Amino acid sequence: MEIGLRLAVSLAQIAAVMGVVMLTVMVLTLAERKVLGWMQDRMGPMEVGPYGVLQPIADGLKLFFKEDIIPAGANKFLFTLAPILALVPALIGFAVIPFGPTMTIELFGMQVKPFVISDINIGILYILAFASIGAYGIILGGWSSNSKYSLLGGLRSAAQVISYELNVGLAIVGVILLSGSLSLVKITEAQAGGFWNWFIIAMPFPQIFAFVVYVISSVAETNRVPFDLPEAESELVAGFFTEYSGMRFAFFFIAEYANMILVSCVAAALFLGGWNAPYPGTILEYIGLERIAWMENVVWFAAKVYFFLFLFFWLRATLPRLRYDQLMRFGWKVMLPIALGNIVLTAIAAYFFPR
Amino acid sequence: MNVATTAQPKRKPSLGDWLKTLTFYELLVGMKATLTHLLNYKPITLQYPHEKRLLPDNYRGMLALLRYDDGTEKCVGCDLCEAACPSRVIRVVSGEVPGEPTKRYSKEYYMDMTRCLFCGLCVDACPVDALGMTREFEWAVYDKRQLHLNKQQLLAIGDRAYPVREKRLELQHPNVAFFNVTFKHLPQKEN
Amino acid sequence: MTVPLSYYLVLSGFVFLTGVVGVLIRRNIIVILLSVELMLNATNINFVAFSEYFHNVAGQVFVFFALTVAAAEVAIGLAIIIALHRTNSSIYIDDLNLLKR
Amino acid sequence: MDHIFFFYFAAVIATTSVLVVALRNPVYSALSLLIMFFHVAGLYVTLHAEFLAAVQIVVYAGAILVLYLFVVMLLSIKSEERYHNQLPVAGLLGVMLCTEVILLLIQSRTAASAPAVSADPVAGAGNTETIGEALYSTYLFPFEVASLILLVAMIGAIILAKKDLNEHVQQ
Amino acid sequence: MTFPLQDLLAILPELIVIGTACLILALDPILGTDKKDVLAWLTLGALAMCIGLTSTQLTGRTYAFSNLVVIDSYGAFWKLLLYIVTGLTVLLSLAYLKAERLSIGEYYGFILLALVGMMVMVSGADLLTIYLGTELMSLSLYVMAGLKRTEARSLEASAKYFVLGAFSSGVLLYGISLLFGLAGSTRLPVIAEAITAHGTANPMLSLALVLLAVGFGFKLAVVPFHMWTPDVYQGAPTSVTAFMAVASKAASFGAFLRVFVEGLGGASADWSVLFTIICLATLALGNLVAIVQTNIKRMLAYSSIAHAGYALIGVVVAARHSGEGPSSGFASVLLYIAVYSFMTLGAFALVGMLRKEGQESENIEDYAGLAKREPLAAFFMLVFLVSLAGIPPTAGFIGKFYIFMAAVNGGMTWLAVVAVLFAAISAFYYLRIVMVMYMREPEGSVTTHSRLEASPALSFVLACALAGVVFLGLFPNGLWSLATHAAPLLK
Amino acid sequence: MTSFPWLSLIVFFPLIGAVLCFLVKAESSRWVALGFTVGNFLLSLPLWWLFDTSTANMQFVERASWISSPPVNYSLGMDGISFPLVLMTTFLMPFCVTVSWTAIEKRVQLFMSMLLIMEAAMVGVFVALDFVLFYVFWEVMLIPMYLLIGVWGGPNRLYAAIKFFLYTLAGSLLLLVAILVLYFQGGHTFDILELSRGTYGASLQMWLFLAFFAAFAVKVPMFPFHTWLPDAHVEAPTAGSVILASVLLKMGTYGFLRFTLPMLPDATAAFTKPMIALSIVAIIYGAYMALAQSDIKKLIAYSSVSHMGFVTLGIFVLNIQGIEGAVMQMVNHGITTGGLFLCVGIVYERTHSRQILDNTGLAGPMPRYAIFLMIFALSSLGLPGTNSFVGEFLVLAGTFVWSQFATAFAALGVILAAAYMLWLMQRVVFGTPAPAHRAHLLDLNARETATLVPLIVLVFVLGIFPNPLLSRMHASVTNLLNGQKAPAYATAPQRPSLPSTAATMAAIAPSSSEQATAR
């Protein structure tokens with residue numbers, strides 16, 4: 001009974017988070033096109049609904065009803081599996097993201113943390129672990145399509161994702177050193193009390209370099225412009241999902257956006273204080289609305305996440321695609337040394353000036 | 001930027017260059033540019049089906065066969081347009097008007113508009129001004145065979161696009177029409 | 001109600017054996033290396049199980065090192081395989097017969 | 001509950017490990033191994049080694065196996081038509097070792113109870129800290145050796161996989 | 001957490017080697033292609049320093065790094081041997097690498113890194129440390145074996161070496177895990193205590209023993225775990241082969257003895273039976289198969305297998321020692337491997353030196369008439385081969401002498417008898433080369449044969465090896481006292 | 001007794017020459033080798049007078065520690081058994097050089113240095129008093145001999161060389177094991193005299209005997225192990241054959257005398273019968289085989305098997321006549337067979353054939369040569385008045401004491417020897433020369449004459465006056481048989497010899513010298 005109830009609550013939480021994420025993805029698909037359009041003095045989608053706001057639904061319907069083509073000679077099993085493998089890890093990662101303040105509420109006689117599905121003590125490693133699985137979807141999708149473009153895209157992507165994942169991991173280490181925990185909840189809590197405590201600028205050693213490395217690497221890891229080599233339209237038609245259509249294509253698409261959201265959430269939690277407001281406490285608290293103070297925190301979190309998401313679009317609108325060797329060289333010869341140096345300096349600083 | 005500096009293959013990077021690299025200066029410049037556009041959002045998009053651009057005066061659109069004001073076709077079936085067309089759009093089958101041995105007309109007249117490039121050479125070539133270019137451009141069809149136009153269709157376009165027709169010269173003998181039209185500076189027959 | 005240690009040992013033994021058999025019967029070097037990974041994982045299961053049952057963190061540390069070594073081996077091994085494929089255009093162990101006599 | 005988890009994980013691990021060896025397509029083998037890695041990680045979690053579980057997935061699934069797949073696809077390796085002809089040897093060895101394992105089982109049934117279970121589980125909340133502490137104090141020396149191993153692997157892989165030795169010379 | 005200065009001082013030689021290796025790896029891209037020799041001299045300098053430092057560690061026994069490393073005369077013996085053979089390998093590589101157009105600086109870095117692995121192996125007091133040392137050594141050697149990457153044979157050797165090496169290390173690690181389960185620790189003294197406490201009637205212990213034996217068997221290249229050896233020795237660049245055949249084997253024996261005697265000495269009754277069988281098989285196969293080889297590197301590979309068999313005799317008899325008086329078995333193993341190192345290194349140095357049509361002359365037929373073309377080289381080869389065959393007054397005889405003495409002392413005269421019979425067989429294939437060198441006329445024109453330009457370094461290596469072989473053959477006292485000084489620490 | 005290191009000098013003097021030979025030109029290396037061999041002979045010559053005939057102790061003893069653990073010593077010494085062999089070795093070596101003077105054309109330096117190394121090792125074997133040292137010298141000979149046969153030998157030399165090497169090595173490696181067993185059973189020493197004093201269990205003695213037998217019987221060679229000998233003899237260059245026949249074969253019998261008898265008395269007694277049986281088989285078999293040969297060298301090789309059968313026969317009858325005869329026969333065989341091989345070598349240089357058919361009728365064109373050959377042949381068949389007679393007679397006398405039946409069989413060997421030798425002489429010396437070789441058959445030149453004459457002289461000297469030699473070995477042989485306990489070093493207090501020994505001495509010694517003088 002107890003277990004069943006707990007399970008039910010967890011499932012409800014999961015459903016809620018998934019709902020939010022899916023909703024965000026929907027919003028993002030539209031937002032991206034709109035923002036890109038505006039930056040390029042265009043309008044973006046305007047037809048479906050007023051000012052095109054219903055465009056995501058139309059797209060979704062279209063993809064849902066589109067014929068699902070499996071190319072001749074493709075490996076059917078893997079071809080079907082790959083999109084799922086791409087999507088699931090992206091969604092699983094949200095389990096440890098704290099969307100709001102650490103608090104517990106009584107629900108059916110159980111302690112429930114409403115803003116995090118599971119506060120496990122290796123949260124950040126968990127995210128890294130599942131982020132690394134995302135590569136399988138891409139590489140298998142590329143391989144199973146029985147198409148040269150897809151294969152090349154898949155291979156490129158695998159190399160790129162692994163290379164940049166390393167930098168992501170190393171960039172995070174500095175934060176872990178400062179916070180002394182792998183749990184995202186604890187890391188976020190460690191940054192409470194004003195923006196000067198955010199790890200991006202926190203003493204003893206501001207993680208600004210790590211932040212930059214993290215952002216750049218996460219852009220690369222999510223295969224976004226200017227690192228969208230795996231799906232470079234002009235070179236590889238569309239990379240690993242050239243041959244995909246319909247819902248399978250949609251899965252890849254959702255996975256990419258979910259990944260964007262995930263890395264944005266992590267970036268917000270690690271470097272920008274998560275749900276903490278840039279000032280001590282919350283305004284709602286000051287004016288005596290402690291009961292709904294969490295709303296302010298959640299809004300702050302959402303704001304930070306959306307800032308990062310906006311950054312993705314912004315970069316896409318601005319930068320041209322890198323050449324592949326440049327991409328790799330940049331990852332290994334620029335990002336990696338910076339991340340390593342950051343770790344060394346942070347470690348020294350943390351040793352002499354423990355927080 | 002003078003030529004001398006650009007000709008130099010590699011300049012030793014100065015401190016400023018390093019600083020620029022380290023702070024992603026160029027990148028930020030680019031991003032500022034895009035952000036500026038976002039903030040000063042002035043779309044140049046035309047919502048086409050809803051609003052349309054003004055066409056220029058000499059716009060060359062769909063071709064049409066014309067008639068005189070009395071409703072007779074201008075075309076005399078001379079095949080000159082067919083000869084002039086670089087894309088072989090036009091096919092003309094000419095014949096004599098029954099009972100009038102010297103008078104010719106186009107028995108059939110076809111235009112394959114999928115091939116037409118709207119150069120206007122046929123219009124220039126026509127001795128009797130039987131061809132004209134309209135300002136129609138929305139000719140999307142579901143079946144491209146629909147773009148294979150026959151004489152009736154072309155005449156219909158002409159009727160639609162040229163409501164005002166040229167007056168037929170009554171005094172003109174059909175046999176000298178050629179001269180009348182082409183050499184307008186010559187003394188015309190009296191009306 | 002904890003799981004007896006022997007269960008883990010049998011499991012790891014089985015996986016290890018499978019790995020050994022794989023090394024012996026497969027011709028593709030890559031699959032052979034995969035089988036070696038099976039063996040290493042069997043070892044890791046052992047280590048972790050012992051670590052839990054002895055309440056000794058050393059076992060987990062060993063797994064950590066085993067992982068490191070596995071990663072290093074894979075890097076070297078795949079580099080060799082790629083270079084081999086470049087010169088021999090085969091990665092079947094049967095086809096490696098230049099060095100006989 | 002523990003038993004259920006164990007038997008689930010054990011069953012999947014055993015099945016997939018056999019599949020790794022038995023499947024003829026290297027990609028399928030690798031995928032079986034992927035599934036196995038996940039379940040091994042699950043097993044670790046039941047054994048209170050969460051850190052290792054995560055590391056298992058990060059390193060094995062995230063890095064090692066992707067590399068394998070990468071190479072399999074890069075070299076466009078097809079499935080094998082036949083197995084190596086060492087099957088009898090393998091069978092013999094298997095039977096031999098199986099006997100050993102059975103012996104082991106019989107023996108360890110009695111021995112498993114031998115080590116006294118101490119009161120506090122070492123791998124509690126601070127599993128990661130404990131490992132880190134051990135790594136940087138007791139096992140400092142092996143840790144350094146391991147780092148050298150990685151150095152060798154890195155440079156060695158570059159040397160071996162580089163196309164032309166004198167590439168940088170010609171530039 | 002205090003700064004482990006004491007511990008760091010204890011492993012100062014290792015640190016020097018590591019530091020030099022890193023320095024070399026860092027310097028390599030900076031230096032021009034023609035200046036790679038600098039790296040070799042750097043290596044030698046580091047080795048010289050290490051020799052000096054390790055010489056001071058010849059007495060006493062200290063543990064470092066929470067008892068994971070042990071600094072004692074046993075380790076010091078192996079380390080000194082390893083320094084010397086590494087130094088000689090580096091010297092002989094100088095000219096060889098140039099001739100093979102393999103002048104890449106990483107080579108020296110890898111040699112040093114492999115050396116670190118070996119040093120860790122021989123001075124590890126913990127199975128984990130030893131395992132990691134083994135891996136460090138093996139990984140470096142895999143790369144070095146495949147260094148001639150444009151040549152299919154080199155890569156094939158590397159691949160074979162790698163596959164079997166990875167397999168064996170997996171087996172080894174599984175054995176270690178079982179031992180960990182038995183003793184609750186991988187430290188050798190603790191394992192020894194556990195074995196004495198619980199006895200040896202434990203199938204898990206037997207399984208662990210078998211697995212460890214298999215794992216080390218691959219590293220030692222004993223039958224039936226030898227199959228990689230001929231291929232790898234043949235395919236790898238000769239200087240690497242020399243290094244593998246000598247240093248890797250020495251370090252493996254060092255670690256093997258330490259593990260099996262110090263850690264598993266309590267179960268020696270069990271494992272010595274196993275190793276007796278392995279030893280017999282090794283002697284038989286190594287010697288018999290060597291006879292039919294036509295490639296000298298392959299032949300030397302089988303010969304090295306056979307020599308591992310001889311050394312194993314010492315191990316077995318020391319473990320089963322039943323005669324009166326102290327067993328000198330382990331000391332004889334130490335001495336045997338030291339002696340083996342010199343002669344094998346010398347032989348491989350010559351193989352690498354002699355060339356035919358710009359290639360290495362690997363076929364035994366290529367040595368026809370060598371005594372006429374290169375009397376001195378032929379003479380050197382003669383001495384090395386005679387020593388390998390164990391004929392006095394060379395060091396090979398002294399090595400076999402002590403081994404057989406240990407066998408007789410240990411009450412295993414029959415093993416000694418078997419061994420001498422195989423020694424007689426071994427003389428056949430060694431002498432075959434002598435025969436080809438001295439008694440055959442060269443086939444083809446003489447001009448196709450050549451050798452590396454007489455570089456002083458190479459000459460020095462050969463002279464050292466020859467001096468070692470002859471000097472140790474005539475005056476083994478010093479080495480023997482070193483070995484007897486080092487070996488008892490095992491028990 | 002002097003403290004002058006005579007023996008070390010004799011052992012290592014040739015080694016200096018060996019190194020020197022490498023350094024000089026081919027021409028001069030011959031002279032260097034000659035100089036060093038002659039010099040070594042001259043160095044060993046004073047021993048003849050310095051040798052104390054009255055004692056059975058080791059003389060000219062030198063001791064130094066070589067390997068500290070286990071205690072291997074560099075200890076040299078000489079007694080009545082080794083003395084004649086050492087002198088014979090140094091005596092023969094110069095002739096080996098001279099006979100190779102023109103016969104060896106390629107790689108002369110190597111050849112000469114190998115000869116000198118051989119000399120050092122051979123002398124070392126005879127004077128070593130430490131078992132390991134003995135073994136080292138014993139093995140050191142293998143490689144030079146292998147090269148001598150393999151590089152400068154006949155057409156089938158590779159096979160012969162490797163066969164020789166493997167046979168000898170296999171045997172001697174077993175010897176090594178036996179030595180090590182002795183070390184642990186005999187009080188942890190390698191000293192031969194110490195070991196000789198020890199007593200060992202019966203079964204151990206059996207095993208040790210078999211191991212010793214493997215080494216020594218191959219070297220002798222006794223009957224089943226003789227097959228390497230004809231090949232090696234035939235293919236070896238003349239000097240090699242001489243060394244093989246004259247010195248190397250003696251090492252086996254020397255080993256029996258020095259080690260088997262004193263150390264393993266019980267086993268020796270137990271194995272007497274089979275050993276004697278093998279010896280007789282060797283005598284008769286060798287002789288029969290010799291009869292069948294068409295190759296002169298092979299014939300002489302088989303005759304060696306036969307003659308060495310006499311030696312082992314003499315040793316294993318275990319009485320003083322037998323053993324003295326054996327030692328005597330060792331020396332004699334060395335001189336006679338050495339002479340025969342020299343002769344064959346000389347004619348081979350001319351006709352480039354060793355076939356009897358190619359070398360017929362030498363008496364005409366080469367009268368001097370024919371005479372010398374005849375003398376050696378007669379000596380070989382044991383004609384009274386020549387040296388071989390003394391040895392063979394003593395051996396037969398000793399055998400007679402042991403068993404008349406055996407003597408009868410052994411005597412058959414003498415008769416057969418006469419048969420094959422005389423038949424050989426008939427074909428080679430007499431008859432008509434083969435026309436193809438007629439032109440090459442020049443008589444002996446000065447060098448060759450000088451090579452053969454000393455041997456001829458010795459054939460007669462030893463045949464007529466064997467006593468000086470016999471007297472020098474007498475004390476040692478007696479001591480050897482006397483309870484089969486080796487004497488202590490000369491410095492140690494001497495043990496009183498038993499009266500029975502003295503009586504035997506008195507009974508035997510005059511008789512043998514009488515016989516000798518009577519002829």
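Modeller: F:P221 lies in the loop between α9 (202-219) and α10 (228-235) of chain F. The peptide bond from F:V220 to F:P221 is cis, with omega near -5 degrees. Please bear in mind that this is a predicted model.

Colleague: Which residues does a cis peptide bond join in chain E, and where is E:P393 placed?

Modeller: E:P392 and E:P393 are joined by a cis peptide bond, with omega of about 5 degrees. E:P393 belongs to the loop between α16 (375-389) and α17 (395-409) of chain E.

Colleague: Why is F:R107 called buried?

Modeller: The relative accessible area of F:R107 is 16%, and buried means under 20%; F:R107 therefore counts as buried. This residue has a positive phi of about 50 degrees although it is not a glycine. F:R107 sits in the loop between α3 (82-99) and α4 (108-127) of chain F.

Colleague: What makes E:N67 partly exposed?

Modeller: E:N67 has a relative accessibility of 30%, whereas buried requires under 20% and exposed over 50%. The value falls in between, so E:N67 is partly exposed. Its phi is near 65 degrees, a positive value in a residue other than glycine. E:N67 is found in the loop between β1 (61-64) and β2 (69-72) of chain E.

Colleague: Why are α3(D) and α5(D) called roughly perpendicular?

Modeller: The axes of helix α3 (residues 50-74) and helix α5 (residues 127-136), both of chain D, cross at roughly 80 degrees and come within 7 Å. Angles of 65 to 115 degrees count as roughly perpendicular, and α3(D) and α5(D) are therefore described in that way. In their contact, D:E50, D:F51 and D:L52 of α3(D) meet D:N127, D:T128 and D:I131 of α5(D). By class, this contact has three nonpolar, two polar and one charged residues.

Colleague: Which residues touch the most other members of the largest nonpolar core?

Modeller: They are E:F253, E:F260, E:Y438 and F:F131, in a core of 637 residues. Helix α3 (residues 58-88) of chain C gives the most to this core, with 20 residues. Apart from it lies another core, of 26 residues, among them B:A64, B:V92, B:Y109 and B:M111.

Colleague: What does E:F260 touch, not counting residues up to four places away in sequence?

Modeller: With those left out, E:F260 touches E:L209, E:L212, E:A213, E:F216, E:G265, E:W271 and E:F275.

Technical notes:
Residues are numbered from 1 along each chain as its sequence is written. Chains are lettered from A and ligands numbered from 1 in the order in which they are written. This is a predicted model: local features need pLDDT of at least 70, side-chain atom pairs count only at pLDDT 80 or more; totals for chains, interfaces and linings use all residues. Side-chain values use heavy atoms; hydrogens and water are left out. A nonpolar core is a set of buried Ala, Val, Leu, Ile, Met, Phe, Trp, Tyr and Cys residues joined through side-chain atoms within 4.5 Å. Buried means under 20% relative accessible area, exposed over 50%, partly exposed in between (1.4 Å probe, protein chains only). Helices (H or I, at least four residues) and strands (E, at least two) are DSSP runs, numbered from the N terminus. Contact means heavy atoms within 4.5 Å. Axes are lines fitted to C-alpha atoms, for helices over the stretch in contact, and angles run from 0 to 180 degrees between N-to-C directions. Angles under 35 degrees count as roughly parallel, over 145 as roughly antiparallel, 65 to 115 as roughly perpendicular and the rest as oblique. Ala, Val, Leu, Ile, Met, Phe, Trp, Tyr, Cys and Pro count as nonpolar, Asp, Glu, Lys and Arg as charged, and the others, Gly among them, as polar.
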